[in-house]
Amino acid sequence: MKPLRILYVDDEADIREVVALALELDPDIEVRCESSGAAGLIAAAVWRPCAILLDVMMPSMDGPTTLAHLRANPATLDIPVVFITARAQSKEIEEFIRQGARDVITKPFSPMTLAAELRRKLGA
C-alpha cells in the first residue's frame with residue numbers, strides 16, 4: 001500500500017514534533033514537516049504530498065496566504081489542505097473552506113486520534 005504523504009507546516013517546533021509523532025502512529029502515514037509557509041510551498045512542489053496540514057497563524061506568511069500561493073501554482077493546485085488552528089469559530093471555519101481548504105482541525109487536538117481525524121477529513 002502506498003503511504004499517505006502528509007506535509008505539516010507550523011512555525012512552532014514543539015507542535016511540529018507532537019504532530020509528527022501523532023501522525024506516525026498510523027504506519028501508513030509518512031510525514032514531512034516545515035517551519036514556514038515559504039518552506040512549505042517549496043516542499044509541496046518538490047515532495048508532492050497527498051495532503052497538507054497547515055497552521056493558520058504563522059509569522060511572515062500565514063496559513064491563508066500560503067494556501068493562496070498553493071492554489072496559484074499548477075504543481076500544488078490540487079493538493080488537499082486541512083488547516084489546524086485554535087481559531088475555530090464557525091464563521092472562521094466557513095471562511096477557510098471558502099478560501100479552498102478541505103476542512104479544519106482544531107487545537108488542542110488529541111495526539112492519539114489526530115491521524116484518524118485527518119484521514120476522515122481527507123476521505124482517506
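**Figure 1. Cover over the buried residues of helix H3.** The elements that cover the buried residues of H3 include helix H2 (37-47), strand E3 (51-55), strand E4 (81-85) and helix H4 (90-98). The model is predicted: local features need pLDDT of at least 70, side-chain atom pairs count only at pLDDT 80 or more, and totals for chains, interfaces and linings use all residues. Residues are numbered from 1 along each chain as its sequence is written, and side-chain values use heavy atoms, with hydrogens and water left out. Helices (H or I, at least four residues) and strands (E, at least two) are DSSP runs, numbered from the N terminus. Helix H3 spans residues 63-72, and Gly63, Pro64, Thr66, Leu67 and Leu70 are buried in it (buried means under 20% relative accessible area, exposed over 50%, partly exposed in between, with a 1.4 Å probe and protein chains only). Viewed down the axis of H3, these buried residues fall within an arc of 155°, so they line one face of the helix. The arc is that of the directions from the helix axis to the C-beta atoms.

**Figure 2. Surroundings of Leu70.** Leu70 belongs to helix H3 and counts as buried, at 1% relative accessibility. Leaving aside residues up to four places away in sequence, Leu70 touches Leu41, Ala44, Ile52, Thr76, Leu77 and Val81 (contact means heavy atoms within 4.5 Å). Gly40 lies 30 residues from Leu70 along the chain, and the C-alpha atoms of the two are separated by 9.3 Å.

**Figure 3. Packing of helix H1 on helix H5.** Helix H1 (residues 13-23) packs with helix H5 (residues 114-122) at an angle of about 80°, and their axes are 8 Å apart. Axes are lines fitted to C-alpha atoms, for helices over the stretch in contact, and angles run from 0 to 180 degrees between N-to-C directions. H1 and H5 are therefore roughly perpendicular to each other (angles under 35 degrees count as roughly parallel, over 145 as roughly antiparallel, 65 to 115 as roughly perpendicular and the rest as oblique). From H1, the contact is made by Val19, Ala22 and Leu23; from H5, by Leu114, Ala115 and Leu118. The residues of this contact divide into six nonpolar, no polar and no charged. Here Ala, Val, Leu, Ile, Met, Phe, Trp, Tyr, Cys and Pro count as nonpolar, Asp, Glu, Lys and Arg as charged, and the others, Gly among them, as polar.

Figure 4. Arg98 pairs with Glu95, the closest N and O atoms being 2.4 Å apart. Both residues lie in helix H4, three residues apart, about one turn of the helix. Arg98 is exposed, with a relative accessible area of 60%, whereas Glu95 is partly exposed at 29%. Arg32 forms a salt bridge with Glu34, with 3.2 Å between the closest N and O atoms. Arg32 is partly exposed at 31% relative accessibility, and Glu34 is buried at 16%.

Figure 5. The side chains of Asp103 and Lys121 meet in a salt bridge (3.6 Å, N to O). Asp103 lies in strand E5 (residues 103-106) and Lys121 in helix H5, so the pair ties together parts that are 18 residues apart in sequence. Asp103 is partly exposed at 22% relative accessibility, and Lys121 is partly exposed at 21%. Asp10, Asp55 and Lys107 are linked in a network of salt bridges.

How values were computed. A salt bridge is a side-chain nitrogen of Lys or Arg within 4 Å of a carboxyl oxygen of Asp or Glu.
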